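Some notes for a colleague who is opening this structure for the first time. The points follow the order in which I would look at it.

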Amino acid sequence: MASNVHRPAHAPTEPYDVEHHVPKRVYFAVFAALICLTWVTAWVSTIDLGSLNIYVALSIAVFKASLVVLFFMHVKYGTRLTKMIVGCGLFWLAMLLFIVMADIWTRGWMGVPGR
Amino acid sequence: MDSETAVVEQKPHHHPGYGETRHHFENAAQQKDASTIGMWVFLLTELMFFGGMFMAYFVYRQWYPIAFASASNKTNLWLGAFNTTVLICSSLTMALGVHAASMGKKKLLILFLFLTLVLGGAFLGVKGYEYHDKWVHHEVPGAHFDCEDCKDAAHAPLFFSLYFGMTGLHASHMIIGFGILLVLIWQAYKGKFTSKWYTPIEMFGLYWHFVDIVWIFLFPLLYLIDRSGRGLH
């Protein structure tokens with residue numbers, strides 16, 4: 001009984017001694033996907049897609065990075081707090097990129113000199 | 001009564017040894033959760049560190065698309081793709097190393113850490129060759145920069161500055177990782193890690209995969225701009 005008194009309220013409900021072992025075949029499947037996508041992105045860059053090239057390249061990179069984060073870095077199997085922290089970081093990075101680029105993309109609209 | 005007895009039995013200034021659960025944690029799993037969160041917070045500071053350089057890259061690429069496309073075609077597509085493959089292989093061996101550690105397989109852990117070290121070294125070797133190639137061809141920004149067939153040559157140094165800045169910051173992370181790997185291999189050899197406690201292996205795995213992710217973005221952004229040559233004619 002006494003030990004329950006000291007248990008913190010934020011302690012996860014699942015038993016602590018449960019270890020998550022990600023099956024090795026998951027690692028090999030992710031690895032195969034990453035290698036294939038590397039050569040796909042190299043090949044597709046040689047095709048003229050106009051302004052779409054960079055979006056295709058970035059989409060493939062984001063997908064590859066997601067595979068690494070979710071499976072190699074175990075975030076898929078992580079605690080909700082870990083997922084929230086990762087999400088916060090990505091949100092912060094998105095703020096940096098999109099707020100600055102919103103300025104860069106739209107400066108020409110008003111004909112402001114000196115861009 | 002039980003708790004009082006425990007206090008008496010414990011040494012008055014007992015400091016937990018390597019890998020033992022510290023007194024301020026409920027148990028080993030909570031300690032590991034704290035390590036994981038701490039490592040992720042560190043990686044987010046790294047994300048913003050690299051993020052600033054990516055930000056600069058996107059701004060200048062938006063302003064000088066011809067210079068960036070032309071200068072990007074100076075990089076070696078095959079070496080870039082090969083190095084990306086090498087780095088992804090090293091991420092696989094790292095993930096398998098963490099897996100071996102969690103199973104308590106010491107020899108397998110050392111093998112996978114060693115393979116990760118070798119692949120990381122191979123990546124740095126190829127990177128060094130590429131840097132040398134750039135140096136020989138006067139593509140390093142500065143007094144000796146000379147890119148005669150670059151389009152918009154006045155702004156070509158911007159691309160190469162970002163190329164060396166971003167790949168250099170990435171390579172410095174690889175070199176630091178290389179050093180940490182040597183320590184981890186030594187510790188694994190000494191039997192510091194068990195299936196119950198291998199937190200440094202797992203945390204280093206997070207770092208190594210993060211560095212891999214940075215390269216996953218650097219490869220298309222630096223090597224693959226306008227490879228069809230559309231904007232260069």
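1. Helix α3(A) gives the most to the lining of the largest pocket, 11 residues. Helices here are DSSP runs of H or I with at least four residues, numbered from the N terminus. This is a predicted model, in which local features need pLDDT of at least 70, side-chain atom pairs count only at pLDDT 80 or more, and totals for chains, interfaces and linings use all residues. Residues are numbered from 1 along each chain as its sequence is written, and chains are lettered from A in the order in which they are written.

2. The volume of the largest pocket is about 1500 Å³. Among the 50 residues lining this pocket, I54(A), L58(A), F58(B), F217(B) and L221(B) are the closest to its centre. A pocket is an open set of points on a 1 Å grid where a 1.4 Å probe fits, with protein on both sides within 12 Å along at least five of seven lines; lining residues have an atom within 4 Å of a point.

3. By residue type, the lining of the largest pocket holds 37 nonpolar, 10 polar and 3 charged residues. Asp, Glu, Lys and Arg count as charged.

4. Because 24 of its 25 residues are buried, α7(B) is largely enclosed by the rest of the structure. Buried means under 20% relative accessible area (1.4 Å probe, protein chains only).

5. Between them, chain B and chain A bury about 4800 Å², 77% of it on carbon and sulfur atoms. On the chain B side, W40(B), M55(B) and W63(B) lose the most area to chain A, together 13% of what that side buries. Buried area is the accessible area (1.4 Å probe) that two parts lose on being put together, summed over both.

Conventions:
Heavy atoms only, no water. Buried < 20%, exposed > 50% of the residue type's maximum accessible area, 1.4 Å probe, protein only. Helix = DSSP H or I, 4+ residues; strand = E, 2+ residues; numbered from the N terminus. Points joined across faces, edges and corners; volume = space filled by probe spheres on them.
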